[in-house]
Amino acid sequence: EETSGAQIIVTAQRREETLERTPVAVSALSGDALAERAIVTESDLQSAVPGLTVRVGQTSNQLNYSLRGQTVDAFSSSRPSVLPYVNEVQVGGAGSTAFFDLGSIQVLKGPQGTLFGRNSTGGAVLFTTAKPTNQFEGYVLGRAGNYDHFQAEGALNIPLVDDSVLLRVAGFFQRRDGFQFNLFNGERLGNIRRENVRASLTLKPAPTIVNDLVIDYAHAGGNSLSSVAYSGRPASAPPAFVPTGLFYSPAVDGIFGPGTWNAFLAVHPGVNPLGFDAEIAAQQKRGPFLVNLDAPNFHRSKVFVVSNITTFEVGPETTIKNVIGYVHRRQQDAGEFDGTVFPADDNGTFGRGGVLRQFSEELQLLGKAFGGRLDYVVGVYYSKEKDDTRSSSHIFEFEPFIPETIQINNGITRNETIAGYAQGTLDLSDIVGIEGLGFTAGARLSSEKVEFFRKPDDFFITNPNPAFV
């Protein structure tokens with residue numbers, strides 16, 4: 001987004017145009033607006049964009065976007081309905097990130113399959129990083145707050161060759177202690193440890209050719225805020241597959257005999273001696289910021305994103321654009337599943353993690369026809385990705401009598417997509433005499449091949465009874 005007088009310029013249709021003439025529902029924030037409003041995370045963004053919700057999974061680092069009720073479950077291995085893009089490259093995976101040195105953020109609502117290589121039914125969130133300029137300049141910005149919060153970002157812009165070779169280097173650093181305190185081990189949850197660096201190089205070998213290369217690396221550590229149990233299964237509900245409230249309580253003596261509960265407490269000294277339901281009641285009194293959780297909690301991620309965009313003006317109103325993208329993400333998280341101190345269900349010491357590799361190639365033809373009345377985009381898209389993810393669940397441990405069941409979900413998902421798409425907007429102002437009236441139409445043809453390969457230790461428990469814990 002850029003401002004020119006009172007006009008706002010957006011690229012929601014893969015070209016620069018005024019916001020008021022864009023025939024799609026889009027919310028746009030410029031880099032200056034992001035800085036003024038201190039929008040540095042996904043939760044900040046949702047407060048500034050009407051209709052956008054950032055959906056949190058089991059932990060605060062498991063995030064994805066939701067528009068008009070469309071989203072995705074992180075464990076479904078399905079493509080999100082709202083896709084994030086960085087410099088026109090669709091980045092896979094759902095997770096938290098850092099916003100720094102951005103040119104704009106645009107949120108597009110509704111289906112986007114006729115404008116982008118990757119189809120999406122809910123919308124798209126477009127992140128555009130700040131481009132190198134022909135000025136030697138830079139900035140440093142710092143923020144501080146409670147919980148020992150310190151955040152710094154900066155950028156240096158260097159024109160290596162006047163208006164031909166332009167370089168921009170930017171960085172981001174953040175530290176913050178968590179504001180959730182775990183009574184079980186005295187640990188703070190929600191610790192943030194982030195370091196990011198980005199290099200942007202613009203080459204202009206000829207007046208009609210521009211190449212923009214952006215290399216972005218992000219590292220994150222710390223741990224996650226956790227969900228907690230706030231309500232138990234009512235007595236009127238159908239019998240559960242595992243009656244947690246009964247087994248994790250003194251009433252278990254009535255099933256296995258006197259002394260069973262005391263034997264369990266001896267092995268698990270940190271649990272509530274009054275039982276599972278009593279722990280939920282205690283959690284309600286404590287509130288969400290004081291918790292009592294036994295599961296390991298950590299967050300680790302390394303993300304490497306490369307985007308290369310070449311534009312070639314083949315005529316005064318015709319442009320060929322080529323977009324190459326590469327994403328490599330390694331992530332591992334662990335956290336609490338059952339929301340209590342009891343060993344009913346958690347991630348274990350391994351948690352959930354793996355490696356995502358993604359390559360994409362997109363070729364576009366953009367231009368005008370019929371005396372400038374028709375704006376069109378035609379494109380072909382290819383992508384290939386491999387998601388190698390392993391997760392563990394440690395279910396219903398009742399030592400010293402019943403060992404835990406370890407469920408492993410481990411496999412490789414491969415996705416190969418080939419697509420063609422086109423969209424055009426015809427200005428009908430001269431034909432019908434109504435200024436600004438236009439007609440937009442688009443089409444898409446795509447072929448997507450998805451394969452899943454189970455690994456030898458993949459083990460999934462199925463339960464025919466719909467009543468779960």
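Three strands, β19, β22 and β23, each put at least two residues into a nonpolar patch (strands being DSSP runs of E, at least two residues, and helices runs of H or I, at least four, numbered from the N terminus). The members of this surface patch are Phe312, Val314, Ile320, Leu363, Leu365, Val378 and Val380, and together they have about 520 Å² of accessible area. To join a patch, a residue needs over 30% relative accessible area and no salt bridge, with nonpolar side chains (Val, Leu, Ile, Met, Phe, Trp, Tyr) linked within 5 Å and like charges within 9 Å. A salt bridge here is a side-chain nitrogen of Lys or Arg within 4 Å of a carboxyl oxygen of Asp or Glu. Areas come from the Shrake-Rupley method with a 1.4 Å probe, and for residues only the protein chains shown count as cover. Leu363, for one, belongs to strand β22 and is partly exposed at 40% relative accessible area; the classes are buried under 20%, exposed over 50% and partly exposed in between.

The model is predicted, so local features need pLDDT of at least 70 and side-chain atom pairs count only at pLDDT 80 or more, while totals for chains, interfaces and linings use all residues. Residue numbers start from 1 along each chain as its sequence is written, and side-chain values use heavy atoms, with hydrogens and water left out.

Now for the strand pairing, which takes at least two DSSP bridges between two strands. Strands β19 (residues 298-315) and β20 (residues 318-334) run antiparallel and are joined by 17 bridges, forming a hairpin with 2 residues between them. Lys302 has Arg330 in β20 as its bridge partner. On to β22 (residues 352-369): this strand pairs with β20, again in the antiparallel sense, over 16 bridges, and Val327 stands opposite Gln358 in β22. Elsewhere, an open sheet with mixed pairing is made of 3 strands in the order β15-β14-β18. Both β15 (187-189) and β18 (290-291) sit at the edges with a single partner strand each, so one side of each lacks a neighbour in the sheet.

Phe99 and Phe127 make a tilted pair, 5.2 Å centre to centre with 50° between the planes. Phe99 lies in the loop between β8 (89-90) and β9 (102-109) and Phe127 in β10 (residues 123-129), so this pair ties together parts 28 residues apart in sequence. Both Phe99 and Phe127 are buried. Tyr248 and Phe398 form another tilted pair, at 5.9 Å and 45°, linking the loop between α3 (244-247) and α4 (253-256) to the one between β23 (374-395) and β24 (405-427), 150 residues apart. Tyr248 and Phe398 are buried too, and they belong to a cluster of linked rings that also includes Trp261 and Phe342.

Charges over rings (NZ of Lys or CZ of Arg within 6 Å of the ring centre and within 35 degrees of the ring normal) show up as well. Arg300 lies over the face of Phe298, 4.1 Å from the ring centre, and Arg390 has its charged end over Phe350, at 4.8 Å.

Terms used: Phe/Tyr/Trp six-rings, centres within 6.5 Å; stacked < 30°, edge-to-face > 60°. Buried < 20%, exposed > 50% of the residue type's maximum accessible area, 1.4 Å probe, protein only.
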